[in-house]
Protein chains: 2
Amino acid sequence: MRLVVPVSGSDPKTRLASVLSPDERRDFAEAMLADVVDAVTAAGHEPEVISTAPLDCAVPVTVDDRRLDPLVNDLLASTVTNGDEALAVVMADLPLVTPKSIERLLAPDADVVLAPGLGGGTNAFVCRHPEFRVDYHGASIRDHRENAQDLGASVAEVDSRRLATDIDEPGDLAEVLLHSDGAAADWLEQSGFELTAADGRVDVQRCR
Amino acid sequence: MRLVVPVSGSDPKTRLASVLSPDERRDFAEAMLADVVDAVTAAGHEPEVISTAPLDCAVPVTVDDRRLDPLVNDLLASTVTNGDEALAVVMADLPLVTPKSIERLLAPDADVVLAPGLGGGTNAFVCRHPEFRVDYHGASIRDHRENAQDLGASVAEVDSRRLATDIDEPGDLAEVLLHSDGAAADWLEQSGFELTAADGRVDVQRCR
């Protein structure tokens, strides 16, 4: 099993620009990546981090400035050639992942295992079918389901909130403080973010 | 195992008022309840539906107009008295739940099993400890964790996106169309809701 963590290192997390400066977005992206790398490593796997630009990480980082689709599709074409080798791809903005949620992703023996993200994304997958390819644009989870079925591939979905919670928008930050004590949660706390309870869902505010 | 589904039947889903009329909110709430009742029944359990006002449901509905906290805490006090009988409470606005996600909720042998909702809520729980009580205000998942730990109760959390996805706000509706083919998804489709892909997460628009 080859496990890749692609990350956007050049101008990361632009949808957090209303609450974080460019330098802070980079620091926070690195903290989230550290959480993912830690979970994968603790689950007994060696993550390969591939970033569009250099960034700090506890494991070696390969720099590759291609967009996500061509990068991942090239990895699929070069790795999953005859069914012997599987490729897992786990996004870098999943600070809630634990070793157990990584194990749950890797457990099913299907040709394609999909972990949906909130809002129609595909936050992680495992592929054992030589012809499966990705397209992360739009409602990618729906397209990936259909692509796999069109190939006659067996498909499994992992029902995990931790794998589903990618941190893209200010409204997502509360999930980190609620459900993690990793590097990203530490970074948010040290940067002054606190939970605020309202009538509906909990949000965050920045106190300094 | 006693399994209760509490539902607000009087003026349901007020946070959907910008996209649904009062009658539509009631119909949609009934469709979501049908999905939850179907999943629980298919998992081999008999759901007890308790609503603040009469509504249509395939199983008998008990009307009890108390607020959620006193209702559930009274159920806990009367049901979980000596550790022999467990109480499960599953919210009625979880149209993504499947029999399997219900089984996962009921599987752990802990005193308190919690299924977090998005935004700090507690979408479902199982209790086998006679002193555990609920408080759904604010970041309830954090309070429920702490309450259980203060009692010395063993605590398990279920990592399920399907149990985590409560449908409260217009932005949640896309999850129903993306991940369910049950009554709530049918109702949305028949009411003209369609997925719309943007740069970030998928949303819905109403076409008629």
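Predicted model: local features only at pLDDT ≥ 70, side-chain atom pairs only at ≥ 80, totals over all residues.

Visitor: At what angle do helix 1 and helix 7 of chain B pack?
Guide: Helix 1 (residues 22-42) and helix 7 (residues 183-190) of chain B pack at an angle of about 150°, and their axes lie 7 Å apart. Angles over 145 degrees count as roughly antiparallel, so helix 1 of chain B is roughly antiparallel to helix 7 of chain B.

Visitor: Which residues make that contact?
Guide: Helix 1 of chain B contributes E24(B), D27(B), F28(B), A31(B), M32(B), A34(B) and D35(B), while helix 7 of chain B contributes A183(B), A184(B), W187(B) and L188(B). Of these contact residues, eight are nonpolar, none is polar and three are charged.

Visitor: Now S180(B): where is it placed?
Guide: S180(B) is in the loop between helix 6 (173-179) and helix 7 of chain B.

Visitor: Does S180(B) count as buried or exposed?
Guide: S180(B) counts as buried because its relative accessibility is 15%, and the cut-off for buried is under 20%. The side chain of S180(B) also reaches the backbone nitrogen of G182(B) at 3.0 Å.

Visitor: A change of topic: what does R161(B) touch?
Guide: R161(B), in helix 5 (residues 161-164) of chain B, touches several residues, including E157(A), D159(A) and R161(A) of chain A and L96(B) and H179(B) of chain B. R161(B) is buried, with a relative accessible area of 2%.

Methods. Residues numbered from 1 in each chain as written. Chains lettered and ligands numbered in written order. Heavy atoms only, no water. Axes fitted to C-alpha atoms, helices over the stretch in contact; angles between N-to-C directions. Helix = DSSP H or I, 4+ residues; strand = E, 2+ residues; numbered from the N terminus. Parallel < 35°, antiparallel > 145°, perpendicular 65-115°, else oblique. Contact = heavy atoms within 4.5 Å. Nonpolar A, V, L, I, M, F, W, Y, C, P; charged D, E, K, R; others polar. Buried < 20%, exposed > 50% of the residue type's maximum accessible area, 1.4 Å probe, protein only. Polar contact = N/O pair within 3.5 Å; in protein donor to acceptor, adjacent residues only side chain to side chain. Lists of a residue's contacts leave out its neighbours within four places in sequence.
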